[in-house]
Amino acid sequence: MNKLFVFVINKICINYNMKDYNDNSNQLFQGVKEEMFSAQEMIGSIQNFSKNIQDYSLMIRDTVRTINASGVIPQIAEVIRVTSFAVRDTAKEINEATQELKRNGIMEDTSAAIETTLKSTEKSIKTIREITTDAKNASPQTTKAIQSGLDIIKRETNQVTDKMMRGIRTKVGAA
């Protein structure tokens, strides 16, 4: 219906603008004249359009009354209110927990311990590599044994580091 209304208004504007160019010599505008509505057709279209607006506004009014009578609006407002309180309280608890961790220096101590452990592990691996190189030159059988020991140390170090990280996460989550 809106398209028809726009079409009618456009045709009215074209008709108004075409008054001055009413000679039939211009082929560009001849199709427009053939598609023009009569005044009676335009009035009928406008009346239908206004009737549809009236019908839709009545339907909207009835829908709003039904929604209001059902009690849904206050119910939705209460849910939003309760949810906003829960979000506020959760954010406050998270903030308090992080502030406590910062005050106690837990994160700094944990980071320092991890850093020290990694440096010690790197030194140990470097020393073991040197031993492996020396042993490789001395005996091929020893090389295999030391390489196997190095693999075990790497695996154990990774497991210890994983356990430490899980413990840190657990402490941070519990705090």
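A residue counts as buried when its relative accessible area is under 20%. Keep that cut-off in mind as you look over this predicted model: of the chain's 175 residues, 13% count as buried.

**The whole chain.** Start with a cartoon view. You will find 6 helices and 0 strands, so moving along from the N terminus the pattern reads α-α-α-α-α-α. How much of the contacts with a separation of 6 or more comes from residues 24 or more positions apart? They account for 60%.

**Helix H3.** Next, select residues 39–70, which form helix H3. Its 32 residues reach 47 Å from the first C-alpha to the last, close to the 46 Å expected at 1.5 Å a residue. Show side chains here and pick out Met-42, Ser-45 and Phe-49, the buried residues of H3.

**Just past H3.** Click on Gly-71, which comes just after H3 and has a positive phi of about 85°.

**Helix H4 and a nonpolar patch.** Move on to residues 72–104, helix H4. Color Ile-67, Val-72, Ile-73, Ile-76 and Ile-80 together: they make a nonpolar surface patch of about 420 Å². Helix H4 gives the largest share of this patch, 4 residues.

**Last stop: Ile-73.** Zoom in on Ile-73, a residue of helix H4 and a member of the patch. Why does Ile-73 count as partly exposed? Because its relative accessibility is 46%, and partly exposed covers the range between under 20% for buried and over 50% for exposed.

Technical notes:
Residues are numbered from 1 along each chain as its sequence is written. This is a predicted model: local features need pLDDT of at least 70, side-chain atom pairs count only at pLDDT 80 or more; totals for chains, interfaces and linings use all residues. Side-chain values use heavy atoms; hydrogens and water are left out. Helices (H or I, at least four residues) and strands (E, at least two) are DSSP runs, numbered from the N terminus. Buried means under 20% relative accessible area, exposed over 50%, partly exposed in between (1.4 Å probe, protein chains only). Contact means heavy atoms within 4.5 Å. The expected span of a helix is 1.5 Å times one less than its number of residues. Patches are made of residues with over 30% relative accessible area and no salt bridge: like charges are joined within 9 Å, nonpolar side chains (Val, Leu, Ile, Met, Phe, Trp, Tyr) within 5 Å. Accessible areas come from the Shrake-Rupley method with a 1.4 Å probe; for residues, only the protein chains shown count as cover. A salt bridge is a side-chain nitrogen of Lys or Arg within 4 Å of a carboxyl oxygen of Asp or Glu.
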